[in-house]
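Dear colleague,

I am passing the structure on to you, and my notes on it follow directly below.

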Number of protein chains: 2
Amino acid sequence: MTDAEEKRADALFHALADRTRRDILRRVLAGEHSVSALARSYDMSFAAVQKHVAVLERAGLVSKRRSGREALASGEVEAIRSVASLLDELEAVWRGRISRIDDLLADRP
Amino acid sequence: MTDAEEKRADALFHALADRTRRDILRRVLAGEHSVSALARSYDMSFAAVQKHVAVLERAGLVSKRRSGREALASGEVEAIRSVASLLDELEAVWRGRISRIDDLLADRP
DNA sequence: ACAACCTACAACCATCAGGTTGCATGTTGT
DNA sequence: ACAACATGCAACCTGATGGTTGTAGGTTGT
């Protein structure tokens, strides 16, 4: 794992470790939403929601495009799949434990 | 999503959002390690590592069993799979994004 | 018995995260 | 032109996080 990959993993998991951000992500995965439209859905200031979207964007989980005065956010499913890959790697480590035990057993005559 | 499920998701993603903790998790997924054995692997105090293990344990990613004076930690692959399920749910939202009518209604309060 | 070891937890400190308000800038509809 | 709207960013406050040291108690080997 390179240092950059670890930092990206940090950003991805951190972005997902907040209930509001996961909810925003669900919405923008379902379809484009402007930041202010998202903000109207939550009991917090516009700025707070804008910061959450920025965190998701920095992690690559959300992308934005400009349409006039609005910034339309949409979810990046590829980023979600990359998180799933990170989990797969962890599970592969676990599977390796089993095969190592198998090897030990195989070594016993 | 119930409140308890969201809190569990918070704990899981937060636990994974730290490089040292992910590294610890890899080690204990590969096989049992005592806390002090883990601590020797990192350039930080025993207490710091012990706290990282505690965070992983609270999230359910690691379990500990006592063996004499040692606490042996091992990784819980089921917890990792539950995180993968959370990601699957997000991806399912994305797959359903075309045939979404709920959001049109939800967007007009 | 006792020294060495392992763990757990408390207190403390610096930094970060999530929230607020306020302001500057660009866009739109009348 | 101009009022209303959408965004982005900075400053600020408070609580949580990640690290430290210190302390206390249970286990082990000699």
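Helices (H or I, at least four residues) and strands (E, at least two) are taken here as DSSP runs, numbered from the N terminus. This is a predicted model, in which local features need pLDDT of at least 70 and side-chain atom pairs count only at pLDDT 80 or more, while totals for chains, interfaces and linings use all residues. Residues are numbered from 1 along each chain as its sequence is written, and chains are lettered from A and ligands numbered from 1 in the order in which they are written.

To begin with the fold, chain A has five helices and three strands, and from the N terminus on its elements run α-α-β-α-α-β-β-α. Strands are said to pair if DSSP finds at least two bridges between them. On that basis S1(A), residues 33-34, pairs with S3(A) in the antiparallel sense over two bridges, with A:Ser34 standing opposite A:Leu72. S2(A), residues 62-67, is likewise antiparallel to S3(A), over six bridges, and A:Val62 has A:Gly75 as its bridge partner there. S2(A) and S3(A) form a hairpin with two residues between them, and in the turn A:Gly68 has a positive phi of about 65°.

In chain B, an open sheet of three strands has the order S1-S3-S2, with antiparallel pairing. Strands S1 (33-34) and S2 (62-67) of chain B stand at the edges with a single partner strand each, so one side of each is left without a neighbour in the sheet. Six bridges join S2(B) to S3(B), and B:Ser63 is found opposite B:Ser74.

Turning to the interior, a residue is buried if 20 or more other C-beta atoms, placed from the backbone, lie within 10 Å of its own, exposed if 12 or fewer do, and partly exposed in between. By this criterion 29% of the 109 residues of chain A count as buried. A nonpolar core is a set of buried Ala, Val, Leu, Ile, Met, Phe, Trp, Tyr and Cys residues joined through C-beta atoms within 7 Å; the largest has 48 residues, and those with the most contacts inside it are A:Leu12, A:Leu61, B:Leu12 and B:Leu61.

DNA strand C is surrounded by 20 residues, the closest being A:Ser45, A:Ala47, A:Ala48, A:Gly68 and B:Ser36. Two or more residues of that surface come from each of H4 of chain A and, in chain B, helix H3 (35-40), H4 and strand S3 (70-75); H4(A) gives the largest share, four residues. DNA strand D is surrounded by 22 residues, of which the closest are A:Ser36, B:Ser45, B:Ala47, B:Ala48 and B:Gly68, and here the largest share, five residues, comes from H4(B).

Finally, with contact meaning that the C-beta atoms of two residues, placed from the backbone, lie within 7 Å, the contact between the chains takes 27 residues from chain A and 29 residues from chain B. On the chain A side, helix H1 (3-16), helix H2 (19-30) and helix H5 (77-107) each give two or more residues, and H5(A) gives the most, with eleven residues.

With best regards

Notes
Near = placed C-beta within 6 Å.
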